Amino acid sequence: MNFDEAKQLLLEAVLQQMQAKRGKQKNREVFYFSPFREEKTPSLQVNLDKNIWHDFGLGRGGGVIELVCEYLASQGTDNTRPDALRWLNNMMALPQQVKFKPVKPEPKLPSIKLQSIGTLKHRALLNYLDSRGISLGLANLYLKQVSIKNLETNRIIRALGFINEDEGYELRNPSYKGCFAPKTISFIRGTVPKPQSVHIFEGFMDFLSVAERNKKERLKGDCIVLNSLSNLPKALPYIKGYGYQKLFTWMDNDKAGLKATQTFAEFAQTEEGLSHRPMNKAYQSHKDVNEWHVATRKTALTITPQSN
């Protein structure tokens, strides 16, 4: 099998070899539980008409070769394109049923329009915040109620909106997880001028969880919310040379999160006077900060570092 032949393999057949569990299908798009990590909600989307994938947890996607490269990297093995081709030759045959057959006209992607941005008031969103252990007073400091419209279906989606540095929004509601582009990091200035510390979070629910445990107050230190691990490189210039003394990381307790933690640890070693403190031990029995916060909030004591 050469590269051209490998690209013609059905993504679903390749995912089956990776033992990825299939989730829901909507029209010509299927969600899978990502083979790159453990997760409770399927976040890898496959477009059956284009034979392409996108992993919302990583913020990356592509075709067959890119999928295998990412999979090999998650297994801790060599993951170049030739390595991916070797894996495919070992794992896949080329019967007709696993070849991708392009459809004639490619379907148009849904057109989304921003409808409105306002204060939080929709009851379902308020209940969702409560289920995630976030008080309305704190949420109002950082979140907006964002309404977007799918111009093809005329469906209105109302979601919690968390603004980023390029004025895009991370969007969440009980059944929707998305982004109104552009997508990048969010930087939140602390209450202390020129603070000694900076905190790094994967998502805004984790950030809000720590603020909630900090007596529902803003943190003294600056905060960076990645909004996707693929945005990690964008966070480093905000830290480099600024003069922070402590770097706190609040990554998920999975392979991707641990890898990101290691990246920040290595970066801290290049910055004079900057020490790194991973906070994972505080919530080591849980997937992420928010899951831990929800499970322990009734008996919670503030665990935010003194120099927060």
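Student: How much space lies in the largest cavity?
Tutor: About 40 Å³, in this predicted model. The structure holds one cavity of 30 Å³ or more.

Student: What makes Tyr142 and Arg189 lining residues of the largest cavity?
Tutor: Lining residues have an atom within 4 Å of a cavity point, and Tyr142 and Arg189 are among those that line the largest cavity. Others include Ile188, Phe207, Glu217, Arg218 and Cys223.

Student: How does that lining divide into nonpolar, polar and charged?
Tutor: Six nonpolar, two polar and three charged. Gly190 and Gly221 are in the lining, and Gly counts as polar here.

Student: Why is H8 called roughly parallel to H9?
Tutor: Look at the angle: the axes of H8 (residues 232–239) and H9 (residues 255–268) cross at roughly 30° and come within 12 Å. Angles under 35 degrees count as roughly parallel, so H8 is roughly parallel to H9. The crossing is right-handed.

Student: Which residues meet where H8 and H9 are in contact?
Tutor: From H8, Leu232, Leu236 and Ile239; from H9, Ala260, Thr263, Phe264 and Phe267. That contact has six nonpolar residues, one polar and no charged.

Student: How do you know that the peptide bond from Ala181 to Pro182 is cis?
Tutor: Check omega, which is near 5° for that bond. Pro182 sits in the loop between strand S10 (176–180) and strand S11 (186–188). Most peptide bonds are trans.

Student: And what is the phi of Asn51?
Tutor: Near 55°, a positive value in a residue other than glycine. Most residues other than glycine have a negative phi. Asn51 lies in the loop between strand S3 (44–47) and strand S4 (52–55).

How values were computed:
Residues are numbered from 1 along each chain as its sequence is written. This is a predicted model: local features need pLDDT of at least 70, side-chain atom pairs count only at pLDDT 80 or more; totals for chains, interfaces and linings use all residues. Side-chain values use heavy atoms; hydrogens and water are left out. Axes are lines fitted to C-alpha atoms, for helices over the stretch in contact, and angles run from 0 to 180 degrees between N-to-C directions. Helices (H or I, at least four residues) and strands (E, at least two) are DSSP runs, numbered from the N terminus. Angles under 35 degrees count as roughly parallel, over 145 as roughly antiparallel, 65 to 115 as roughly perpendicular and the rest as oblique. A crossing is left-handed if the near helix is turned anticlockwise from the far one by less than a right angle, and right-handed if clockwise. Contact means heavy atoms within 4.5 Å. On a 1 Å grid over the protein atoms alone, a cavity is a set of points where a 1.4 Å probe fits but cannot get out, and a pocket is an open set with protein on both sides within 12 Å along at least five of seven lines; lining residues have an atom within 4 Å of a point. Grid points are joined across faces, edges and corners, and a volume is the space filled by probe spheres set on the points.
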